[in-house]
Amino acid sequence: MTKTSLEFLLEVGFIIHEEIGYQRVFDFEFSHLTLGEDFLLESVSGAIAITRTGEGLLAQGVFTASVQATCARCLDGFTQPLQSEFSELFTFPSHADAATELLVPANGKIDFAPLVREYLLLEVPISPICRPDCKGLCPQCGVNHNHEQCDCVTEVIDPRMEKLKALLDSSNNAEA
Ligand SMILES: [Zn+2]
Ligand SMILES: [Zn+2]
């Protein structure tokens, strides 16, 4: 298993002494990565650009990765691609006020792992779908319609739904 504690720890102290506008880009590439306790990622690729501003260090990240997911429609496992971007200002302690959330640490080292994790997690769909045209499971026999067909009669029309449909149709006509 890959240890993650130091992979995103960047030494940015030297940038503090550069001119305003100075930028340094850090690249990242991991075939497998665990962020935090249980966020397992594959094919992680990205970059963080650190720019010296008047107030602090602006960190702009772009990351792509993939995560193993289970399709909410057919229950098959599949690889879900993720893409995220972030832009966060780490303020110099001398410029900080009560509203400041992120500060440039005194030791000049910033661990970006929590940020990268947070932003990639936001991209994980609540109900992942393996592909846009996933046919899902047969509601009657449960076979995966992406892989096989069944003989179930799928067009079971509930008589109550028919009534409702008729009602809706007539009210639509009334509006027109
Ligand atoms: Zn599916
Ligand atoms: Zn069936």
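The legends below describe views of a predicted model.

**View 1. Overall fold of the predicted protein.** The protein contains three helices and six strands. Along the sequence these elements follow the pattern β-α-β-β-β-β-β-α-α. The radius of gyration is 25 Å, well over the 16 Å that the globule rule gives for 176 residues, so the protein is more spread out than a compact globule. Taken along the principal axes, the C-alpha atoms fill a box of roughly 75 × 50 × 25 Å.

**View 2. Burial and contacts across the chain.** Of the 176 residues in the protein, 14% are buried. Among contacts between residues at least 6 apart in sequence, 58% join residues at least 24 apart.

View 3. Strand β2 spans residues 23–35 and strand β3 spans residues 39–52. The two strands pair in the antiparallel sense, with 12 bridges between them.

**View 4. Domain 1 and domain 2.** The protein is divided into domain 1, covering 9–122, and domain 2, covering 135–176. The centres of the two domains, taken over C-alpha atoms, are separated by 46 Å. Four residues from domain 1 and four residues from domain 2 take part in the contact. On the side of domain 1 that touches domain 2, two residues are nonpolar and two are charged, with no polar residues.

Technical notes: Residues are numbered from 1 along each chain as its sequence is written. Chains are lettered from A and ligands numbered from 1 in the order in which they are written. This is a predicted model: local features need pLDDT of at least 70, side-chain atom pairs count only at pLDDT 80 or more; totals for chains, interfaces and linings use all residues. Two strands pair if DSSP finds at least two bridges between them. Helices (H or I, at least four residues) and strands (E, at least two) are DSSP runs, numbered from the N terminus. Domain bounds come from an automatic or database domain assignment. Two residues are in contact if their C-beta atoms, placed from the backbone, lie within 7 Å. Ala, Val, Leu, Ile, Met, Phe, Trp, Tyr, Cys and Pro count as nonpolar, Asp, Glu, Lys and Arg as charged, and the others, Gly among them, as polar. The radius of gyration is taken over C-alpha atoms; the globule rule is 2.2 Å times the number of residues to the power 0.38. A residue is buried if 20 or more other C-beta atoms lie within 10 Å of its own, exposed if 12 or fewer, and partly exposed in between; C-beta atoms are placed from the backbone.
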